[in-house]
Amino acid sequence: MGKNTFRTILLNVVILLIYIASGKAGLAFASINPSASAIWPPTGIALAALLIFGYRVAPSIFLGAFIVNLTTAGTTATSVGIAFGNGLEGLVGTYLIRKFANGRYVFDSLAGIVKFTLFAAILSTMVSATIGVTTITLGGFAKAQEFWSIWLTWWLGDMGGNIVIAPLLLIWSRNLRIHIDFRKILNLFISFVGVIIVTTIIFQGIIPYAYLCIPIAVWIAFWFGQKGATATTIFVAIIAIYYTLHGLGPFAKEPSTNQSLLLLQMFLNIFSLTALTFATTSLTIKKAEKKLLQEKLEDEAMLVSIGEGIIATDDTGRITLVNQATCIMLGWSKEELIGQSVVDVIPMQDEKENVIAKESRPLTKVLKSGKKIATSLTQYYVSKNRIRFPVVFTLTPVILDGKVVGTIEVFRDMTEERAIDNAKDEFISLVSHELRTPMTAIRGLTSMILKGDYGKFGEKLKDPLQDIAISTERLIHLINDLLDVSRMQAGRITFSPKDLLIGKIIDKVVTSLNAIAQQKGVKIQMEKTPEILVHADEDKTIEVLNNLIDNAIKFTDKGTVSITCEQKGQLLTVFIIDQGIGIAQQDKKRLFGKFEQINSQQEGRPAGTGLGLYISKSLAIKMGGDVWLIKSEKGKGSTFAFSLPIVDES
Amino acid sequence: MKKILLVEDDLILIKMYVAEFRFNGFEVKTAVDGEEGLKLALEEHPDLILLDIKMPKMDGLTMLKNLRNDGWGKHVPVFMLTNLNDSKSVSDSMGSLAQRYFVKSDWDPQQIVDEAKTTLRIT
């Protein structure tokens, strides 16, 4: 036999014994019919067992009910019928609670209590009452005219079992430990004594108003939660039943014991549900408070760890929240900032140290317009000890029901970044100056010697001197291109876009390159360019066109270099078509890479720096366009394209 | 004979430009820093000033600003010679204080002489 099987059998045996004991005790209260009692704990025990341990304990319920009834009243047949009803009641209640009410955790929410009352207390108990009373009526153990009165007793008795017993077992079975703060022990003792005293006074008939117990239920529920509420219900039930059976208390005055117990049962149901509801509400509120606190702590931890400054304001621009980084950057403590107006406590200046007026502050604009502002222009904040530092920030409105109720600002001290940018600029300047100065002398003096400024020189020196001049030229171009790339990568290239007539720019470049083209016997052919305005930096546009057309001339031995334009949507594209040597398929991928030279010195062509197309493409993209290869075939020529945004006439 | 004032701290470049301008019939005065250059400019009243930017004691931009505060200095044509960054970023920061901006390494001395002749209307 497996371990699990053994456990299941053991479990069933234990539950069977408890069922039988509680069933015999319950039927001791039966008065209207030996098989129908107003006090029936086994229903609650069965439901709790099925919810906690699962359907595997169902056999113990069926068998327990059978044994209890067989040993009390009725025949085997009626006992089987009643057992079937009792078992089915448990199964139906369990199924409904599991499917619709979170199973054994049904009391974790107020909605769960309502569903438990409906499915377990009201509906499933009808199954047992109907089957049970029908069985004993058909078996001759009850008169037909007594059907409904017996049914009502059976039903209410089972309902009581579910409402009073099941919650106790389900809640206490989750964790048997009780967390008692020692400070609360006095409270617990007083409450416990209070419950006994008050219940006794009420049910002895001294002050026979049963619903005076309700305040006790609320008190216990508030202080001791669900466990306290369910335990108190049991105490009250025991005391109340005892005195009611002895003819004392608010419910003992009824004509029959059965009626007294039924009224008491209904009272106990109300008491139990009230206590449970209060306890669950209290639990829900505490959970929500804990969750809020946790979220608050998480938010605070996040705010502390963020390096950027965060300032939250209300709709008047007063500070409601700041993080640690803000306090560090500004030199103010949290207490000094909260409640202050941002524009008063954090002065803002422009580059020239002019204070920016309140009306012009981004915060004022955001509060007014409800639109987010993100600035990349550097402004300055002034700290508590009058130190100004550059900042960039994003200011976002907080909008509720269409109204601006506050703002959130995230800002960053740009001092270090500025220093890095300045260092980059200085480096580029230094390199630029120190490399170019000696090159200036080499180039200049070589050209002067070749010109004859220093007199005649031997014929043998002419070629070497010309080679020096060409090499110098290359080196200067390389330095210029490297500096361009450095500036591009450092984001230090400035663009001054304006509206340009593209035709004029192309004319200018073609004119400057015509001499070189003619020397090679290459004809530059220009299609009449449309009178279109593009929005671009003039010098950079010239640089890109110069590079592309110069390349076309360089790689064409004879034939034509054609230049055409086409407008498509918001872009104007210039096509440079040559009839030169073309580009091999495997080289096309490398075309726009850095230091990539294709078809150069190996084919007797002047070597470039390998950066021209990379720079041209980068510049074009920065201006909102692009440079790309349309097509090329080895030996047949290439077509390059250069696009720029057209001026938006609107 | 037109007079040129060359303000440049690199001795080799001084020799080169002086030679080229003299070959082309100019009288050339030289200074090695902005302070000396400003003094010489106000004394000699050259027809054209070639002004380097990066120099000790007083840089070219400061010298030019001071020069433009003078009654005569306000009008004298000035060519800025630089190897810093690119001429556009220099000219952008200078506004219209100088007539021309040249990246020295991109221009042969003869080309600068030709530009000077154009500015001074010499054929």
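Modeller: Start with helix 17 of chain A, residues 538–554. Helix 17 lies across strand 8, strand 10, strand 11, strand 12 and strand 13 of chain A. Its direction is at about 170° to strand 13 of chain A. Keep in mind that this is a predicted model.

Colleague: Which strands does helix 16 of chain A lie across?

Modeller: Helix 16, residues 502–520, lies across strand 8, strand 10 (559–568) and strand 11 (571–578) of chain A. Helix 16 runs at about 165° to strand 8 of chain A.

Colleague: And the sheet in chain A, what's the strand order?

Modeller: The order is 8-10-11-13-12. The five strands make an open sheet with mixed pairing.

Colleague: Which strands stand at the edges?

Modeller: Strand 8 (522–526) and strand 12 (626–633) of chain A. Each has a single partner strand, so one side of each has no neighbour in the sheet.

Colleague: How much are neighbouring strands turned against each other?

Modeller: By 20° on average, with direction ignored.

Colleague: Let's go into the pairing. How many bridges join strand 12 to strand 13 in chain A?

Modeller: Seven, and the two strands run antiparallel. Strand 13 covers residues 637–645 of chain A. Trp628(A) has Ala641(A) in strand 13 as its bridge partner. Glu633(A) is bridged to Gly637(A), also in strand 13.

Colleague: What do strands 12 and 13 of chain A form?

Modeller: A hairpin, with three residues between the strands. Gly635(A) sits in the turn and has a positive phi of about 85°.

Colleague: What about strand 11 and strand 13 of chain A, how many bridges there?

Modeller: Seven bridges join strand 11 to strand 13 in chain A, and they run antiparallel. Ile577(A) is one to look at: its bridge partner in strand 13 is Thr639(A).

Colleague: Changing topic. At what angle do helix 5 and helix 9 of chain A cross?

Modeller: Roughly 155°. Helix 5 spans residues 110–138 of chain A and helix 9 spans 257–305, and their axes come within 9 Å. That crossing makes helix 5 roughly antiparallel to helix 9 in chain A, because angles over 145 degrees are counted that way.

Colleague: Which residues make the contact?

Modeller: From helix 5 of chain A, Leu110(A), Ile113(A) and Thr117(A). Helix 9 of chain A brings Leu273(A), Leu276(A), Thr277(A), Thr280(A), Thr281(A) and Thr284(A). By class, this helix 5 to helix 9 contact in chain A has four nonpolar, five polar and no charged residues.

Colleague: Now chain B. What pattern does chain B follow along the sequence?

Modeller: β-α-β-α-β-α-β-α-β-α. That is five helices and five strands in chain B. Of the 123 residues in chain B, 35% are buried. Among the contacts in chain B with a separation of 6 or more, 57% come from residues 24 or more positions apart.

Colleague: How many residues does the contact take from chain B and from chain A?

Modeller: It takes 19 residues from chain B and 19 residues from chain A. On the chain B side, helix 1 (11–23), helix 4 (87–94) and helix 5 (109–119) each supply at least two residues. Helix 1 of chain B gives the most, with six residues.

Definitions and conventions: Residues numbered from 1 in each chain as written. Chains lettered and ligands numbered in written order. Predicted model: local features only at pLDDT ≥ 70, side-chain atom pairs only at ≥ 80, totals over all residues. Contact = placed C-beta atoms within 7 Å. Helix = DSSP H or I, 4+ residues; strand = E, 2+ residues; numbered from the N terminus. Buried ≥ 20, exposed ≤ 12 C-beta atoms within 10 Å, placed from the backbone. Pairing = 2+ DSSP bridges. Axes fitted to C-alpha atoms, helices over the stretch in contact; angles between N-to-C directions. Parallel < 35°, antiparallel > 145°, perpendicular 65-115°, else oblique. Nonpolar A, V, L, I, M, F, W, Y, C, P; charged D, E, K, R; others polar.
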